[in-house]
Every structure is written in structure tokens, then in C-alpha cells.
Amino acid sequence: MEWLQVVVLSLIQGISEFLPISSSAHLILVPALTNWPDQGLAFDVALHVGSLGAVVVYFQHELWRMLKSWRDSLTGGKTDQDARLAWWVIVATIPVGLVGLAFKDLIEGQMRSGVVIAVGLIVFGLVLGYADRRKRGSRSEYQLGFKDAILIGLAQALALIPGTSRSGITMTAALMLGMSREASARFSFLLSIPVIVLAGGLETLNLLGDPVPVDWSAMIGGTLLSGISAYLCIHYFLEFIARIGMQPFVIYRIVFGLWLFWFFW
């Protein structure tokens, strides 16, 4: 790959993975607007590794507490708020895993069209705007219960529809359940860890049977750039929504969705 392609794809993955604007909507534009060759499965795995590394590093202290408390809860120790949060992340991941396995061919086939993505951007963008204006409260991620985790998990399964945005739909569900903007975003970011691990694991299994040689310089560069951009995105997004909210992203989704309608219709 050319380095311009490496940089563009890495930035798109790193930024759009965690913003409520749909990474699939942006990645579909790359082959549509350029003559670049397909980047290949190995590079996709590398970009996911970069995004995963960013969220793990950013939440390293919280993750360490959650992991330790979760382990203690398995061995008869006290189930504190960190252990419960770890359990809710696991519970909320189950629906997307089951739906993804059951409808993998449909999701990767007929549903990956520009029109479907445009509809997803606009419809779920409007729902996000409603939730942010009318339903948000002050609950933190530590105040979630089992029912909340299930509902957010079911919402996350909808993100398999291209254009929905995994982060966008999980934040929307969290806001509808009375969580604050910052707590909704933090829980969404924590939920991304098992999802990226599962998706990256499946891609890695497919990669093992791929005889195409690996461009290691592009892989390493893409991983680092994706990770750095994702880390900065998480940091500044949390600051941004605390001051301004979700509405700028709602407007962006609607405008982008309408443009995709025009481009692909």
C-alpha cells in the first residue's frame, strides 16, 4: 500500500471507532472515492489492534480494578462496584456475539450498501439526538444493573446494521436509561474492548488461511497511527461532550447520510 492510504485508513479507523458517527459509513467511502487497492485482512486486524490498545491504555487503571474485583467475585470474594461493572460489560457483549454469528453472511452481504448505511446514519442519529436532549440523567456506569446491561447489549447488536455506529447506539441506549453523557461514553468505550477482541479474533482466524504476504511496515505504521488517533479521540471526545453534548454529531450524521443518499442512489 501507499503510505497515504495507510495514513487515511488508520485515521478513519482510530477516530470513527469511538465517535458516534459509524466507522463503516466512513470506510465505505475509501474505495468509492479512490482507486486504492483493497488493504487486505491483515491490515484490518492491525487497525483493530491499534484501537484496542488505545482504549486499554486509556482505561488501564479502571480495567485493572475491574479485573481484580471480577476475579475475586469468582472465588467467593465481595462483589463490589468494579466487579459488577465487569460483569455488566460481559453481559452486554453476549447479544452482539450471538447476533453476529447468526447473521454474519447477511450483514457482510446485502446490508453493506450505501443506501442502508445512509438510512442507519440518519435514523439512529435522530434517536441519539432525542436521547441526549430528553432522556439523559445523572447515573454513572457504576449504577447500572443487570436489566440495564441487557438492554444496552441488545442495542449494541443493532450496530451490526451498517451505518448504525456501535458507540452511537450504545451511548443512545445508556442515555435513554438515564445515564450522563460522560458515563454513557465511558461504558460504551469499555464495551468496545470485548467486541474488538471478538472481531479481531475472527479476522485473525481468517487471516491464518490467507497466503497473501504481509506488508509489515504498513501493519506496524497502521497499528501505531490507529492507536494514537483513537487515544486522542477518546480523551477529547469525553471533554467535548461534557461541555457541548451530542448534537453536533447528530447534525453531522444527518448531513453525511443525506450526502450518501445522493452519492449512491
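Q: Let's start with Leu121: is it buried or exposed?
A: Leu121 is buried, with a relative accessible area of 0%. Keep in mind that this is a predicted model.

Q: OK, and which helix is Leu121 in?
A: Leu121 sits in helix α8, which covers residues 114–135.

Q: Which residues is Leu121 in contact with, leaving aside its neighbours within four places in sequence?
A: Leu121 is in contact with Ile21, Ser22, Ala25, Gly163, Arg253, Phe256, Gly257 and Leu260.

Q: What about Val255, how many Å separate its C-alpha from that of Leu121?
A: The two C-alpha atoms are separated by 9.2 Å, while Leu121 and Val255 are 134 residues apart along the chain.

Q: Are Asp132 and Arg181 buried or exposed?
A: Asp132 is buried, and Arg181 is buried too.

Q: How many salt bridges does the structure hold?
A: It holds six salt bridges. One of them joins Arg65 and Asp82, whose closest N and O atoms are 3.7 Å apart. Here too the pair links distant parts of the chain, with Arg65 in helix α5 (residues 60–74) and Asp82 in helix α6 (residues 81–102), 17 residues apart.

Q: And how much accessible area do those two have? Start with Arg65.
A: Arg65 is partly exposed, with a relative accessible area of 37%. Asp82 is buried, with a relative accessible area of 9%.

Q: Which residue does Lys68 form a salt bridge with?
A: That's Asp72, and the closest N and O atoms are 3.7 Å apart. Lys68 and Asp72 are separated by about one helical turn, because they are four residues apart in helix α5. There's also a network of salt bridges linking Lys68, Arg71 and Asp72.

Q: Where do Lys68 and Asp72 fall on accessibility?
A: Lys68 is partly exposed at a relative accessible area of 41%, and Asp72 counts as partly exposed at 24%.

Q: Which ones are buried in α10?
A: Arg166, Ser167, Gly168, Ile169, Thr170, Met171, Thr172, Ala173, Ala174 and Leu175. Just after α10, Gly178 takes a positive phi of about 90°.

Q: What about α9, how many residues does it have?
A: Helix α9 (residues 146–158) has 13 residues. From its first C-alpha to its last it reaches 19 Å, close to the 18 Å expected at 1.5 Å a residue. Its buried residues include Asp148, Ile152 and Gln156.

Q: Last one: at what angle do the axes of α1 and α12 cross?
A: Roughly 35°, and the axes of α1 (residues 3–16) and α12 (residues 216–243) come within 8 Å. The crossing is right-handed.

Q: Which residues meet there?
A: From α1, they include Trp3, Val6, Leu11 and Gly14, and from α12, they include Ser217, Gly221, Leu225 and Cys233. By class, the contact has nine nonpolar, eight polar and no charged residues.

Key. Residues are numbered from 1 along each chain as its sequence is written. This is a predicted model: local features need pLDDT of at least 70, side-chain atom pairs count only at pLDDT 80 or more; totals for chains, interfaces and linings use all residues. Side-chain values use heavy atoms; hydrogens and water are left out. Buried means under 20% relative accessible area, exposed over 50%, partly exposed in between (1.4 Å probe, protein chains only). Helices (H or I, at least four residues) and strands (E, at least two) are DSSP runs, numbered from the N terminus. Axes are lines fitted to C-alpha atoms, for helices over the stretch in contact, and angles run from 0 to 180 degrees between N-to-C directions. A crossing is left-handed if the near helix is turned anticlockwise from the far one by less than a right angle, and right-handed if clockwise. Contact means heavy atoms within 4.5 Å. Ala, Val, Leu, Ile, Met, Phe, Trp, Tyr, Cys and Pro count as nonpolar, Asp, Glu, Lys and Arg as charged, and the others, Gly among them, as polar. The expected span of a helix is 1.5 Å times one less than its number of residues. A salt bridge is a side-chain nitrogen of Lys or Arg within 4 Å of a carboxyl oxygen of Asp or Glu.
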